[in-house]
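Please open the model in your viewer and keep the selection panel at hand.

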Amino acid sequence: MKGARLLAAAIAFACGSAQAADVIITAERLLDVRSGRMVARPEILVRDGKVVSIKPDATTQQAGDTSTRIDLPGMTLLPGLIDMHVHLDADPTYGGYSYLEYNDRFWSALAVVHAGRTLDAGFTTVRNVGASDWNDVGLGQAIAAGKVRGPRIIPAAWSFGATGGHCDSTYFPPSMEEKNPYNADGPDEVRKSVRALRKYGAQVIKVCATGGVFSRNTEPGQQQMNYAELRAAVEEAAQWGLKVAAHAHGAAGIKDAIRAGVATIEHASLIDDEGILLAKKHGAWLSMDIYNGSYTELEGKKNGVLEDNLRKDREVTEIQRRNFRKAHAAGVKMVFGTDAGIYPHGDNARQFALMVKYGMTPLQAIQAATVNAAEALGRQDVGVVEAGRVADLVAIQGDPLADVRLLEAPAVVIQAGAVVKRNAAR
């Protein structure tokens, strides 16, 4: 028995040592996303999944060094990317009523596949701002436990708003009795919904301040939560240490959400000059999904999207893009959010090129998906490659500051110091 215990202890010690083994990552260059400076020939020391140090102008491996090495000659490293607006349990190929052919758990299963595609696209952290049936909470737990592949998930669980609003179930007659279980009419109901969602795993609160494109019987410009309700959401969330994201296309709803203290304005399609000034004054972040309209225009009808929804998408897409340019030029803080699920998961990085087309430099677009997103989340562990942060990295062939579209095809993705995706050498 004593010998068995000693053997077990030796195995446990060996396993612990293996888990704690140092990892050294090298490449041709590393993008410092704070300054835009390229660090030549970096050597990144990783221990227990976190960056310990970064040494520039690294030379060859020293004799006797037993660290695990990830050598990426000729490649550029940058932090793992962050998408601040995804719906992992949504699939754009099921539009209109076609999704009713499937069991509720069908979407839970698809979310696992979508998470893997998102990770392979270089997005190591996502904020899932709305999911049915706690799909994002459960998926995030499974990823954190190492059971399935995927990015780190900050889940909102159910997004909610007014009865009959964008976040309600709006496609069915009264005989079906379909509704969002967290509908909230009035500040007290808002507070109760915030408490219930946090109780079961929400790490961010998502409210719908205005109508939307892909709901029925709502228009994007309609305000559907008033200031008192929005303020109640912010106050209650803050009491529990959470931030609030507001779906808000319409100008009035955007302005009340900003005045109420909402952290991030999602879509912001019809923001006006006063809203831009308010966003600057209050430090609100805009998360503007300016790519997905291109997908819906090409594929929406064949996917079964109803004509009324296609009509709304046509009406807001170009206005949103022009307002993106205007808000950025005015100095409003911006984060990278795509609404993945309205277009296929894994194509997240296609939005970078449009952000550049509509006024950003490649560095500014990358910052929106790294250091800016981390700041908006209030997190000090992601978004930048520096000592103390999680060793999430993306490696690409070439210089993303010269061609931001290179981010659409990462060669290597590293999550907490381990390679989770590597393209075959050509």
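This structure holds 14 aromatic pairs, where rings of Phe, Tyr and Trp (its six-membered ring) pair if their centres lie within 6.5 Å. The model is predicted, so that local features need pLDDT of at least 70 and side-chain atom pairs count only at pLDDT 80 or more, while totals for chains, interfaces and linings use all residues. Residues are numbered from 1 along each chain as its sequence is written, and side-chain values use heavy atoms, with hydrogens and water left out.

Select Tyr-97 and Tyr-171, an edge-to-face pair (planes over 60 degrees apart) with 5.5 Å centre to centre and 85° between the planes. Tyr-97 sits in the loop between β6 (81-86) and α2 (104-120) and Tyr-171 in the loop between β9 (160-161) and α4 (187-199), so the pair ties together parts 74 residues apart in sequence; helices (H or I, at least four residues) and strands (E, at least two) are DSSP runs, numbered from the N terminus.

Next, select Tyr-94, Tyr-102, Phe-106 and Trp-107, which ring pairs link into a cluster.

Finally, show helix α5 (residues 227-239) with helix α6 (residues 251-260), whose axes, lines fitted to C-alpha atoms over the stretch in contact, come within 8 Å and cross at roughly 40°. At the contact (heavy atoms within 4.5 Å), Tyr-227, Leu-230, Arg-231 and Val-234 in α5 meet Gly-253, Asp-256, Ala-257, Arg-259 and Ala-260 in α6.

Notes: Axes fitted to C-alpha atoms, helices over the stretch in contact; angles between N-to-C directions. Phe/Tyr/Trp six-rings, centres within 6.5 Å; stacked < 30°, edge-to-face > 60°.
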